[in-house]
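Dear colleague,

Please find below the structure that I am handing over to you, together with its sequence. My findings follow directly after it.

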Amino acid sequence: MKYLGTILVAYIVLFILDIMQKRNHKTTKSLNKFSIRTISDVSFICAIGALFLLGVLIWGFWSEPENFCSKRYLMIIIPFSIIWFGVTFFGMIAPLKGVWEIKVEEDNITVIKMFIFRRHWKISNISYCKMKRGGMNVYVNGRKKKAFFVDGMTDHFDNFIKRMEKEGKEIIIPEPKDTN
């Protein structure tokens with residue numbers, strides 16, 4: 001039961017952090033300095049998913065505690081709940097500053113993934129951008145492999161597109177396939 005209480009407290013703290021992040025992250029119309037982050041709706045969906053599983057676990061324990069605590073069920077429940085809570089935890093912290101973010105400052109672009117992985121690019125080095133379903137792949141220095149992906153559901157995605165157009169970078173929009 002302490003396990004479930006700890007998880008509940010952790011998610012309440014993360015929920016409060018998400019509310020604070022939403023208040024601190026301001027939208028801007030500037031094309032020279034802005035940051036692209038995951039929308040806060042992702043954290044709310046993940047919080048609902050975590051609370052749903054927590055409710056199912058509590059209901060299962062209260063309705064049939066002898067079956068719920070058997071080895072057979074615990075071998076399924078524990079790994080599944082660890083994976084589920086891990087995914088929802090990362091989904092809840094995704095909108096926070098520095099977790100998943102693309103910073104554009106003048107000619108510099110910094111791509112941050114999970115606090116640790118940082119890549120630095122120059123806008124002047126971008127060869128072209130290619131629109132994909134759900135966002136845009138950005139290619140640097142004529143490489144065939146994409147440098148990074150900008151999600152179309154994030155805030156300031158429009159700023160990024162306008163900045164690429166302002167810099168004269170080619171944005172390739174694939175033609176729709178015929179359904180005939």
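Which residues is Arg-163 in contact with, leaving aside its neighbours within four places in sequence? They are Leu-31, Asn-32, Val-104, Glu-106, Asp-107 and Ile-123. Please bear in mind throughout that this is a predicted model.

**Arg-163 and helix α5**

Arg-163 lies in helix α5, which covers residues 157-166. Its relative accessibility is 4%, and because buried means under 20%, Arg-163 counts as buried. Within α5 the buried residues are Phe-157, Asn-159, Phe-160, Ile-161, Arg-163 and Met-164. After α5 comes Gly-168, which has a positive phi near 80°.

One of the contacts of Arg-163, Glu-106, deserves a separate remark. Glu-106 is not a glycine, yet its phi is positive, at about 55°. Glu-106 sits in the loop that runs between β2 (100-105) and β3 (108-113).

**The chain as a whole**

The protein chain contains 5 helices and 8 strands. In sequence order, these elements give the pattern α-β-α-α-α-β-β-β-β-β-β-α-β.

As to overall dimensions, the radius of gyration of the protein chain is 21 Å, whereas a compact globule of 180 residues would have one near 16 Å. The C-alpha trace spans about 65 × 45 × 30 Å along its principal axes.

Of the 180 residues in the protein chain, 37% are buried. The accessible surface amounts to about 12,000 Å², and carbon and sulfur atoms hold 63% of that area. Among contacts with a separation of 6 or more, 55% are made by residues 24 or more positions apart.

Helix α4 comprises 23 residues, 71-93. From its first C-alpha to its last it reaches 33 Å, close to the 33 Å expected at 1.5 Å a residue. Its buried residues are Ile-77, Ser-81, Phe-85, Thr-88, Gly-91, Met-92 and Ile-93. An α-helix has 3.6 residues a turn, so residues three or four places apart point the same way.

Ile-48 belongs to α2, which covers residues 41-63. Ile-48 and Thr-88 are 40 residues apart along the chain, and their C-alpha atoms are separated by 8.9 Å. Is Ile-48 buried or exposed? It counts as exposed because its relative accessibility is 61% and the cut-off for exposed is over 50%.

**Tyr-128 in strand β5**

Tyr-128 is part of strand β5, residues 126-132. At 22% relative accessibility, Tyr-128 counts as partly exposed. Not counting residues up to four places away in sequence, Tyr-128 touches Asn-137, Val-138, Tyr-139, Arg-143, Glu-170 and Ile-172. Ser-40, which is 88 residues from Tyr-128 in sequence, lies 29 Å away from it in space, C-alpha to C-alpha.

Yours sincerely

Conventions
Residues numbered from 1 in each chain as written. Predicted model: local features only at pLDDT ≥ 70, side-chain atom pairs only at ≥ 80, totals over all residues. Heavy atoms only, no water. Helix = DSSP H or I, 4+ residues; strand = E, 2+ residues; numbered from the N terminus. Expected span 1.5 Å × (residues − 1). Buried < 20%, exposed > 50% of the residue type's maximum accessible area, 1.4 Å probe, protein only. Rg over C-alpha atoms; globule rule 2.2 N^0.38 Å. Contact = heavy atoms within 4.5 Å. Areas by Shrake-Rupley, 256 points an atom, 1.4 Å probe, with all protein chains shown as cover.
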